[in-house]
Amino acid sequence: MKKRVVLAALLAALLLIVTPSARAQTNSGLSVTTTGHGVQLRLVIPHQQYPFNSLVRVQVAVRNTSHAPVTITGYPRNCVAENPSVEVLGDAGAVIYPPSPLHYIPPPCPALLPGHEGRVLQPGGSVQVPLYAFLHGNQIRASVTIQRGQKTYTVKGADIPLRLGPAESPQARVAVQSGLPATIDVQADATVTGPPIYQMSLACSDANGGEVFHQVLFWTRATSSHFVANCDSPLEWHLIAGWPGHTAIVADYVMPKE
């Protein structure tokens, strides 16, 4: 009963607001600005047209327009969520990203990472955060959760409509052989350069028969397009990788049952 009361109190404190927004085309892309609960939230996306399931790098800026400090809770991220964040919506208006299509293997993890308990913005203060979005839907918006006093508010920006073309055809090759490190190689078309951006979730067996997790749950630049597992025989290995502006690829491996 006590847990239900606490949950009810938290839900009552979490207020959601969407306010009128201003949209503009700038040299750096298409932007939309929203103001609510004493903060200004701005999203900038380079273009409006992408291949389906593309990765895209955006900028989200938050500025305190009030006369009192505000806290961006869990800035810049807690265990599995970023704040501020970017959301992709489908035709029905439901949020379909985050999460990414990565098959997440949930190990125990702290609610907050050390040093990420929150960021205080003084009056007039601002922060700008580069983020990646997975374009599985045709609308995108920014979101930020802030704390003012004892109350928590979520401010969501207006949607920016996207024009999504046919998905490209990137490829992935998974190789798992006895006695050799497991690998995944990803390849896109000839127009991309450098290593991809990726997320990964890997489960391995330890010497005692338990599980050891190796995970990258936020978009990270890889060192190459050749991924090597931390163990020879992974129990599960899930990877999503791609290059900004191009269709991402999802690769999944699950050890066959004997």
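These legends describe close-up views of a predicted model. Local features need pLDDT of at least 70, side-chain atom pairs count only at pLDDT 80 or more, and totals for chains, interfaces and linings use all residues. Residues are numbered from 1 along each chain as its sequence is written, and side-chain values use heavy atoms, with hydrogens and water left out.

**View 1. The largest nonpolar core.** This core has 41 residues. A nonpolar core is a set of buried Ala, Val, Leu, Ile, Met, Phe, Trp, Tyr and Cys residues joined through side-chain atoms within 4.5 Å. Buried means under 20% relative accessible area, exposed over 50%, and partly exposed in between (1.4 Å probe, protein chains only). Leu43, Ile45, Val58 and Ile140 have the most contacts inside the core. Strand 11 (residues 126-135) gives the largest share, 7 residues. Strands (E, at least two residues) are DSSP runs, numbered from the N terminus. Another core, of 20 residues, lies apart; Tyr198, Ala241, Trp243 and Tyr253 are among them.

**View 2. Around Leu43.** Contact means heavy atoms within 4.5 Å. Beyond four places in sequence, Leu43 touches residues including Leu30, Val58, Val86, Ile140 and Ile160.

**View 3. Ser85 in strand 8.** Ser85 lies in strand 8. Ser85 counts as buried because its relative accessibility is 13%. Leaving aside neighbours within four places in sequence, Ser85 is in contact with Val60, Leu131, Arg141, Ala142 and Ser143.

**View 4. Salt bridges at Arg141.** A salt bridge is a side-chain nitrogen of Lys or Arg within 4 Å of a carboxyl oxygen of Asp or Glu. The whole structure has 4 of them. Glu87 and Arg141 meet in one, at 2.7 Å, N to O. This pair links distant parts of the chain: Glu87 is in strand 8 and Arg141 in strand 12 (residues 139-148), 54 residues apart. Glu87 is buried, at 9% relative accessible area. Arg141 also counts as buried, at 14%. Asp159 forms a salt bridge with Arg141, the closest N and O atoms being 3.9 Å apart. Asp159 lies in the loop between strand 13 (151-156) and strand 14 (160-161), so this pair ties together parts that are 18 residues apart in sequence. Asp159 is partly exposed, at 24%. Salt bridges link Glu87, Arg141, Lys156 and Asp159 in a network.

**View 5. The Glu82 and Arg77 pair.** Glu82 forms a salt bridge with Arg77, with the closest N and O atoms 3.4 Å apart. Glu82 is partly exposed, at 22% relative accessibility. Arg77 is partly exposed, at 26% relative accessible area.

How values were computed: Helices (H or I, at least four residues) and strands (E, at least two) are DSSP runs, numbered from the N terminus.
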